[in-house]
Amino acid sequence: MLLFDTHCHLTDMFDSLPESFPADYSCIGNILSVTYRYSDWDKNILFAKKFNNIIPALGIHPLFIPNGIQNHLKLYESYFDTFPKLIVGEIGLDFYNNLAQSEKQKQYDLLSQQINIAKRFQRPIVIHQRKAQQQCISLLKSIGFNNGGFAHGFSGSLEQAYKWIDYGFVLGIGCVLLNNNSRLRNILPRLPSSSWVLESDAPFMQKNNSPIIIQKIAKIAAQLCNKNIDDIIYNTTNNAYRILNLSN
Ligand SMILES: [Zn+2]
């Protein structure tokens, strides 16, 4: 079984569609290619049409809210009418320091409309959140969203981990695990193997980042969890398939 990168921004990595991927990508079986702005949506769909191991996600990120958002949301919904198997993401709340209440409200409004679309089309979502985990989960629950998804870039406490897990989400374990001092290194071995997946967040997080970084993350995870790397790959890939309702 091959690795599954559950969070990669392919549209930021390649200016145009590549003929093929670099040879060292051969350890990667699937990529969930997420977007954060409408100008990348068409390109992302083209990626998925060309490479059948790429799963496209469309989203408007809370830090990239364009002017005329209602028109963008209409367009957004029309993509799901045309391609009902799209994934929703990345979407979320980013309450970085000193964010004005009016900006928070804008993020809430945008997120709730995107969650409603996910609910209507029964799609899983990719959630980005900073300093807003409880607000995200409360909003999801108040809308009655029940299709699960990915808590992207997880770096929280054990208690926070279980808030997502109990709600049917898996945790996206990424480059934070490469940091020797990260709290995630203590938490990961205490999580059920069914509850997390691997993600690169490429091209962000690291210099020259690419999907193959998840091989390194998988190795560290294997050491921390005292498991064979093949078990880590098997579990994390299966978890991604389960959330995305893909058969393997
Ligand atoms: Zn991202």
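So, Leu111: it has 26 C-beta neighbours inside 10 Å, which is why Leu111 counts as buried. Buried here means 20 or more other C-beta atoms within 10 Å of a residue's own, exposed means 12 or fewer, and partly exposed is in between, with C-beta atoms placed from the backbone. One caution before going on: this is a predicted model, where local features need pLDDT of at least 70, side-chain atom pairs count only at pLDDT 80 or more, and totals for chains, interfaces and linings use all residues. And residues are numbered from 1 along each chain as its sequence is written.

Back to Leu111, which sits in helix α4. Helices (H or I, at least four residues) and strands (E, at least two) are DSSP runs, numbered from the N terminus. Leaving aside residues up to four places away in sequence, Leu111 touches Pro62, Ile91, Gly92, Leu93 and Leu139. Touching, or being in contact, means that two C-beta atoms, placed from the backbone, lie within 7 Å. Ala57 is 54 residues from Leu111 along the chain, and their C-alpha atoms are 15 Å apart.

Now, how do the axes of α4 and α5 cross? Helix α4 is residues 101-120, helix α5 is residues 133-143, and their axes come within 10 Å and cross at roughly 45°. Axes are lines fitted to C-alpha atoms, for helices over the stretch in contact, and angles run from 0 to 180 degrees between N-to-C directions. The two helices are therefore oblique to each other. For the cut-offs, under 35 degrees is roughly parallel, over 145 roughly antiparallel, 65 to 115 roughly perpendicular, and the rest oblique. On the α4 side the contact uses Tyr108, Leu111, Ser112, Ile115, Asn116 and Lys119, and α5 brings Leu139, Leu140 and Ile143. Sorted by class, that gives six nonpolar, two polar and one charged residues. Nonpolar covers Ala, Val, Leu, Ile, Met, Phe, Trp, Tyr, Cys and Pro; charged is Asp, Glu, Lys and Arg; the others, Gly among them, are polar.

Helix α4 has another partner, α3, residues 69-82, and these axes come within 11 Å and cross at roughly 15°. That makes α3 roughly parallel to α4. This crossing is right-handed. Ile69, Leu73, Tyr76, Glu77 and Phe80 from α3 meet Leu110, Gln113 and Ile117 from α4, which comes to six nonpolar, one polar and one charged.

The peptide bond from Gly89 to Glu90 is cis, with omega near 10°, and Glu90 lies in strand β4, residues 87-94. There's a cis bond between Ala202 and Pro203 too, omega about 5°, with Pro203 in the loop between β8 and α8. Asn208 is found in the loop between β8 and α8; it isn't a glycine, yet its phi is positive, about 55°.

Zooming out, the chain has nine helices and eight strands, and 40% of its 248 residues count as buried. Among contacts with a separation of 6 or more, 71% join residues 24 or more positions apart. The C-alpha trace spans about 50 × 45 × 35 Å along its principal axes.

Definitions and conventions:
A crossing is left-handed if the near helix is turned anticlockwise from the far one by less than a right angle, and right-handed if clockwise.
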